[in-house]
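Keep the sequence and the model side by side while reading.

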Amino acid sequence: LINIIDPNLSELNFYNYKFYHTLKNYKKKKLKIFCNKKISSSILKKKELYPKFNLDLNPRVLKNYKKKYFKSKKQFLSDLNNIDIKNGPILLYNTTLPYIDALTEWQIKKKYSSNLYIEYPTILNKAINDDLIFEKNRCKMIKNRIKKNNKVFFITHFEFSKKRIYQLFSRPVIVAKLPLNMAMYNIKKKINKKKIILSFIGEQRTNKGLNFLKEIIINLNSKKYNFIVHNPKKSKRLNSLVKKKLNTKIEKKTFNLKNWIKFINKSDIVIFPYNPNRYKYGYSGSLIDAILLEKICIVPDETVLSSIISKKLKRFSFFSKWESKNISNTITKVFKNLNKTKNLFQLNSKDFILKQKRYPKIIDVVK
């Protein structure tokens with residue numbers, strides 16, 4: 001039996017939703033999946049899940065993070081003590097730091113004898129503000145706690161992140177393939193050169209370039225472009241984009257996985273104006289979807305995001321400075337080299353799929 005623990009599972013987060021989609025027909029091992037009580041009912045109906053955790057989704061993005069960190073950790077520990085986890089390996093999937101902190105502490109107190117496998121998608125880079133300095137100190141504390149524990153392993157989906165995880169925790173790091181159902185991505189769309197559709201997809205946040213959206217759209221405002229901004233959290237800050245008549249549509253829907261892929265497929269160019277420092281080791285499930293759909297993607301250079309895109313595209317679609325003008329100029333450069341960039345992204349998609357085949361399935365890694 002493998003105990004899978006995912007306190008962040010929600011319909012908004014397609015990263016782990018895709019994981020459970022691939023588990024549906026997995027017969028090799030018996031799985032027991034514990035998730036958040038705030039899980040979408042549409043997911044709950046389709047999967048054998050046990051909603052046991054009463055936690056905020058992704059506390060890292062909430063205000064007063066330090067306070068929320070300890071609150072989340074305490075609640076997670078309480079929930080762990082009140083659920084029936086059978087002896088067997090534990091996979092903590094798509095997790096954030098307070099839950100790694102809690103589970104490694106729980107393992108020692110409970111004298112839990114089976115292995116822990118921790119998949120950690122958004123990894124600390126440099127401590128540039130109080131929250132990151134706080135996280136760095138917690139990582140040191142966790143590192144010391146598990147120093148002599150040969151039952152703790154980390155899992156990543158990206159070679160680029162492997163070295164950084166080892167630096168933070170000094171424990172073995174395994175690379176596993178992404179949980180993807182490739183049959184869902186056989187949708188193709190031709191670029192309409194008369195009207196290019198540019199999109200900003202997923203939840204819009206400050207570190208994902210929220211403050212730049214208006215400037216980027218104004219800088220690029222042209223009859224040649226239409227913009228789609230995904231706003232599932234219904235942020236009022238984006239309403240001005242419509243009022244200014246900037247050829248922009250605000251999409252407020254939360255999609256299921258199938259319709260999410262169809263939604264991304266409407267775009268020609270998908271823009272990820274993420275903070276390169278904050279997302280140096282941060283993963284984007286939306287970017288993977290866009291790559292598999294052969295979309296042109298604008299990403300920050302020297303990050304996990306750029307590491308999964310061919311270096312041949314660096315001079316076209318990577319931006320180096322986190323500022324609206326630099327991102328706008330990168331988009332303009334892509335537009336001037338549209339056919340070449342599109343062809344390179346088609347090749348990149350095929351290459352990405354071939355690289356994924358080298359790695360084991362994440363469930364097969366868990367022993």
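Helices here are DSSP runs of H or I with at least four residues, numbered from the N terminus. The model is a predicted one.

**The second largest pocket**

Three helices, helix 6, helix 11 and helix 14 (338-356), each give at least two residues to the lining of the second largest pocket. Helix 14 provides the largest share, seven residues. The space in this pocket is about 590 Å³. Its lining counts 25 residues, and Ser306, Ser307, Ile308, Ile309 and Lys355 lie nearest the centre. By class, the lining holds nine nonpolar, seven polar and nine charged residues.

**Two helix pairs**

Helix 14 also packs against helix 10 (residues 285-292). The angle is about 115 degrees, and the axes are 8 Å apart. From helix 10, Ile288, Ile291 and Leu292 take part; they meet Asn348, Ser349, Phe352 and Ile353 of helix 14. This contact has five nonpolar, two polar and no charged residues.

The second pair is helix 3 with helix 5 (residues 130-145). Their axes come within 10 Å and cross at roughly 35 degrees. Helix 3 brings Tyr65, Lys66, Tyr69, Phe70 and Lys73. Helix 5 answers with Asp130, Asp131, Phe134, Glu135, Arg138 and Arg145. Here the classes are four nonpolar, no polar and seven charged residues.

Asparagine 64 sits in the loop between strand 3 (49-53) and helix 3 (65-81). Asparagine 64 counts as exposed because its relative accessibility is 56%, and the cut-off for exposed is over 50%. Along the sequence, asparagine 64 and aspartate 131 are 67 residues apart; in space, their C-alpha atoms are 9.0 Å apart.

The buried residues of helix 13 are Ser324, Asn326, Ile327, Ser328, Thr330, Ile331, Val334 and Phe335. In an α-helix there are 3.6 residues a turn, so residues three or four places apart point the same way.

Ser328 and Ile331 are among the residues that leucine 220 touches. Leucine 220 belongs to helix 7 (residues 213-220). Leucine 220 is buried because its relative accessibility is 4%, and buried means under 20%. Leucine 220 and aspartate 351 are 131 residues apart along the chain, and their C-alpha atoms are separated by 31 Å.

Which residue in the loop between helix 6 (159-169) and strand 7 (173-175) comes up here? That is serine 170. Its phi is near 55 degrees, a positive value in a residue other than glycine. Glutamate 302 has a positive phi of about 55 degrees and is not a glycine either. Glutamate 302 is in the loop between strand 12 (296-300) and helix 11 (304-307).

| Residue | Relative accessibility | Class |
|---|---|---|
| Serine 170 | 30% | partly exposed |
| Glutamate 302 | 54% | exposed |
| Asparagine 64 | 56% | exposed |

Key: Residues are numbered from 1 along each chain as its sequence is written. This is a predicted model: local features need pLDDT of at least 70, side-chain atom pairs count only at pLDDT 80 or more; totals for chains, interfaces and linings use all residues. Side-chain values use heavy atoms; hydrogens and water are left out. Buried means under 20% relative accessible area, exposed over 50%, partly exposed in between (1.4 Å probe, protein chains only). Axes are lines fitted to C-alpha atoms, for helices over the stretch in contact, and angles run from 0 to 180 degrees between N-to-C directions. Contact means heavy atoms within 4.5 Å. Ala, Val, Leu, Ile, Met, Phe, Trp, Tyr, Cys and Pro count as nonpolar, Asp, Glu, Lys and Arg as charged, and the others, Gly among them, as polar. On a 1 Å grid over the protein atoms alone, a cavity is a set of points where a 1.4 Å probe fits but cannot get out, and a pocket is an open set with protein on both sides within 12 Å along at least five of seven lines; lining residues have an atom within 4 Å of a point. Grid points are joined across faces, edges and corners, and a volume is the space filled by probe spheres set on the points.
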